[in-house]
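Hello,

Here is the structure I promised to pass on to you. Please open it beside this email, and then read on for what turned up in it.

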Amino acid sequence: MTEFKSRKQRLREFLLPEGKTAASFVRSLRKLAGIRRASAGKYDCVLYDSFDGRAYAQNVLLSWVDREGGGILQALSARDTALLWEQPMKKPPPRFGWTIDRPDKAAWLKRCMGLRALLPAIKLSVKRQTFRWTDDEDKTRAWIHVEDTEISTGGEWAHAGVRLVIEPLRGYASSVKRLEDRIVHDTGARIDPEGLFVRLMERHSIEFARRSARLNVILEPEMEPRAAIVKVLTFLADVMEVNEEGVMAAWDTEFLHDLRVAIRRTRSLLGQLKKQFSAEDIQPFRDEFAWLGQATGRMRDIDVYLLEIPEFQKMLPTRFRGDLMPVRDLLLKQQKAEHKKLKAVLRSKKYRDLMTRWRAFLEQQQPEPSAPSGNGATVAMVARKRIRALYKRVLKEGWAIDDESPAEDLHELRKSCKKLRYLIECFQSLFPADQIGAVIRKMKQLQENLGEFQDLDVQIDGLLEFAEQLDIDREDTPKNLLAMGAILGNLEHRKREVRTEFKGRFAAFSSSENRDRFNNLFRYAQRQAA
Amino acid sequence: MKVIASYNIKGGVGKTAAAVNLSYLAAGEGASTLVWDLDPQGAASFYFRIKPKIQMGGKGLFRRKRALERVIKGTDFPNLDLIPADFSYRNMDLILEGLRNPQNRIRKLLKPMAREYDYVFIDCPPSISLVSENVFKAANVLLVPTIPTTLSLRTLDQLVTFIAKRGYRNFTLLPFFSMVDRRKNIHRLITKHRPMGMGKFLDSTIPYASIVERMGTERAPLEVYARSSPAAGAFRSLWLELKTRL
């Protein structure tokens with residue numbers, strides 16, 4: 001992903017000899033020829049990442065250093081501490097990397113972070129002494145930094161380590177290698193192949209894993225079905241709660257998205273596997289999660305519209321693109337109001353009670369480890385049965401759709417597909433990864449088509465709704481309406497294309513080859529159950 | 001990648017000062033920037049304290065694979081690298097003449113640099129030669145520092161005629177007034193009544209100032225040692241204006 005105008009300058013990091021302080025090390029360093037003091041000072045350094053650690057997952061460290069003479073944002077490779085790029089930045093980086101005023105770096109950050117905000121992951125306070133290693137023209141060949149670092153942990157500062165960093169300038173690598181050898185020989189410093197920042201991030205990555213919304217709950221095939229389902233539901237409750245803070249603070253739109261997906265998955269599981277619980281017990285939860293889904297829906301719709309505005313603008317000739325601004329302003333206003341309501345929902349007694357009771361319910365469902373299951377069924381059996389039933393329903397609904405079928409039929413099929421996908425994902429650990437991966441990929445292709453068809457419908461309805469809300473007395477409103485009309489035309493055209501594409505997508509999904517894939521899964525589950 | 005050549009047929013007009021100071025400003029904004037000191041006198045290399053020597057010599061540059069990448073040196077400033085001058089550049093015309101497609105060799109050499117750099121500033125040697133024709137083929141902008149005197153304008157006129165005759169269309173010709181001495185009547189007169197038909201002069205002008213000459217003793221761009229001087233301000237204005245024309 002790092003196709004970037006990068007000079008890939010490698011920074012070499014060293015560990016100080018045991019028992020040596022920064023001050024005593026500096027004394028030995030200064031005895032070496034050609035070493036000149038450049039600067040000394042204390043600065044703050046913040047390692048940024050998304051809430052779920054996307055940059056680190058791609059082996060990138062994003063550090064913003066607030067030092068005298070201007071801050072700087074650096075992208076470093078976590079693999080080999082090469083400097084990928086740097087950007088002067090006086091203030092901390094903006095919440096969204098793609099808004100920085102350097103188009104190439106903005107695009108790079110967009111690719112790396114997607115829609116996620118840059119959030120401080122680790123805060124450091126660094127006492128840095130910098131030296132230059134020069135040649136006989138007083139030209140710097142390498143920068144040498146001795147950094148005594150403290151890390152902020154819950155408001156307290158703790159010593160994180162002292163590191164020596166050698167930053168060779170391009171074209172001086174071979175002579176800098178000689179310097180490194182001398183430093184190792186004369187001072188006893190050791191090469192640190194990993195580096196302090198990577199070690200700190202690695203420790204922090206436990207936090208990233210905890211926050212991930214990716215459904216990857218490990219189940220054993222012989223587990224008692226209810227215990228297995230409770231394990232998945234507990235994970236989903238964790239996802240809901242872990243995203244609450246980000247939704248409240250509106251750091252980025254993915255928090256609400258992840259929260260809502262967890263709600264939908266919970267509802268879907270409760271619906272599909274209702275027989276595993278007493279109907280009396282779960283009906284109130286099904287109703288309340290439906291309420292929660294609804295209460296968070298409007299805000300998500302507005303988020304999606306706002307994310308689509310740039311795409312809508314691209315549908316217009318350049319000179320008319322500004323005519324969509326009133327729609328954006330209207331959406332921003334509505335987003336603000338909806339966010340207020342959403343915060344009230346998440347702070348409400350109803351929501352808090354729901355989550356408390358839900359957690360208590362899940363706790364109660366944990367069976368005694370030694371207790372035998374009611375009818376001897378295992379989760380593998382239940383998973384096979386439910387996935388098979390839903391899969392059959394999807395095929396039946398899909399086969400019934402022809403060119404004349406109403407849009408509602410496609411929407412129904414979309415919903416069935418979603419349910420099937422959720423079930424497959426919940427139970428994916430029961431199946432071989434490559435087989436389940438292939439099935440999910442095929443499902444995705446069909447879902448993309450159905451999802452786009454539905455999205456286009458929602459977008460068209462949304463535009464019509466916003467058109468009615470524009471102030472008719474404003475001088476620019478006719479221009480805004482014309483722009484929206486042009487977009488509507490585009491969306492309708494695309495909708496027809498997507499409808500035509502459906503046939504091919506469903507044919508691929510229902511092909512004998514793909515049916516074999518599903519049947520292999522079912523056979524595998526049967527063997528597991530046996 | 002934009003290639004900006006600081007060029008004039010005449011010497012001593014402020015080409016190197018322009019290349020060094022503008023490249024420093026570009027790099028300071030976070031743009032990955034390269035300066036190629038193509039002048040065998042090596043003034044730009046000297047200002048950046050880099051020895052004016054490349055191991056493979058001028059000939060090697062055109063013969064070896066990925067030659068430029070091998071000779072690039074990092075300056076003391078972030079985002080700013082330099083290809084040093086070499087004394088063998090004085091024979092570059094002869095080297096080029098012996099090669100196939102001699103007018104396009106520099107452009108070809110620079111092409112892979114687009115992966116790494118946003119801007120390349122070429123500090124050109126004075127005169128019109130095969131080297132300068134190579135620069136004309138490679139450049140997006142021909143930045144021409146011009147002293148506001150009759151002789152300098154005459155030289156600029158010669159350049160404009162030459163470009164028109166050869167039909168170069170790949171670059172924008174951007175002359176600007178350099179080493180402007182407000183005490184001199186002729187300088188005031190010419191900068192006020194800009195000559196027509198010699199490319200569109202940039203509005204920014206660089207004053208004649210001893211602080212610029214001090215670059216030789218400081219061996220650093222103006223911003224480093226005289227940030228608040230009017231001359232440093234003039235280069236900042238020039239860079240701002242130049243960016244709008246890229």
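Let's start with one pair of residues: L73(A) has Q87(A) of strand β6(A) opposite it. Strands, like helices, are DSSP runs numbered from the N terminus (a strand is E with at least two residues, a helix is H or I with at least four), and two strands pair if DSSP finds at least two bridges between them. The hairpin of β5(A) and β6(A) has 4 residues between the strands, and T81(A) in its turn has a positive phi of about 50°.

Before going further, a word on the model: it is predicted, so local features need pLDDT of at least 70 and side-chain atom pairs count only at pLDDT 80 or more, while totals for chains, interfaces and linings use all residues. Residues are numbered from 1 along each chain as its sequence is written, and chains are lettered from A and ligands numbered from 1 in the order in which they are written. The model scores ipTM 0.87 and pTM 0.79. For chain B the average pLDDT (the predictor's confidence in each residue, from 0 to 100) is 93, and 100% of the residues score at least 70.

Back to chain A. Strands β4 (residues 60-66) and β5 (residues 72-77) of chain A run antiparallel and are joined by 6 bridges. In one of these pairings, V65(A) has I72(A) as its bridge partner.

Strand β6(A) also matters for where the chains meet. The contact takes 13 residues from chain A and 18 from chain B, where contact is counted if C-beta atoms, placed from the backbone, lie within 7 Å. On the chain A side, β6 (residues 82-88) gives the most, with 3 residues. By class, that side has 2 nonpolar, 3 polar and 8 charged residues. Here Ala, Val, Leu, Ile, Met, Phe, Trp, Tyr, Cys and Pro are nonpolar, Asp, Glu, Lys and Arg are charged, and the others, Gly among them, are polar.

Chain A is divided into domain 1 (9-208) and domain 2 (213-529). Their C-alpha centres lie 41 Å apart, and 6 residues of domain 1 are in contact with 5 residues of domain 2.

In chain B, an open sheet of 8 strands with mixed pairing has the order β3-β4-β2-β5-β1-β6-β7-β8. Strands β3 and β8 (205-207) stand at the edges with a single partner strand each, so one side of each has no neighbour in the sheet. β3(B) and β4(B) pair in the antiparallel sense over 2 bridges, with G74(B) opposite D81(B).

T75(B) lies in the loop between β3 (73-74) and β4 (80-83) of chain B. Is T75(B) buried or exposed? T75(B) counts as buried because it has 28 C-beta neighbours inside 10 Å (the cut-offs are 20 or more for buried, 12 or fewer for exposed, and partly exposed in between). Leaving out residues up to four places away in sequence, T75(B) touches F48(B), L80(B), D81(B) and L82(B).

Enjoy exploring!

Conventions. Contact = placed C-beta atoms within 7 Å. Domains from an automatic or database assignment.
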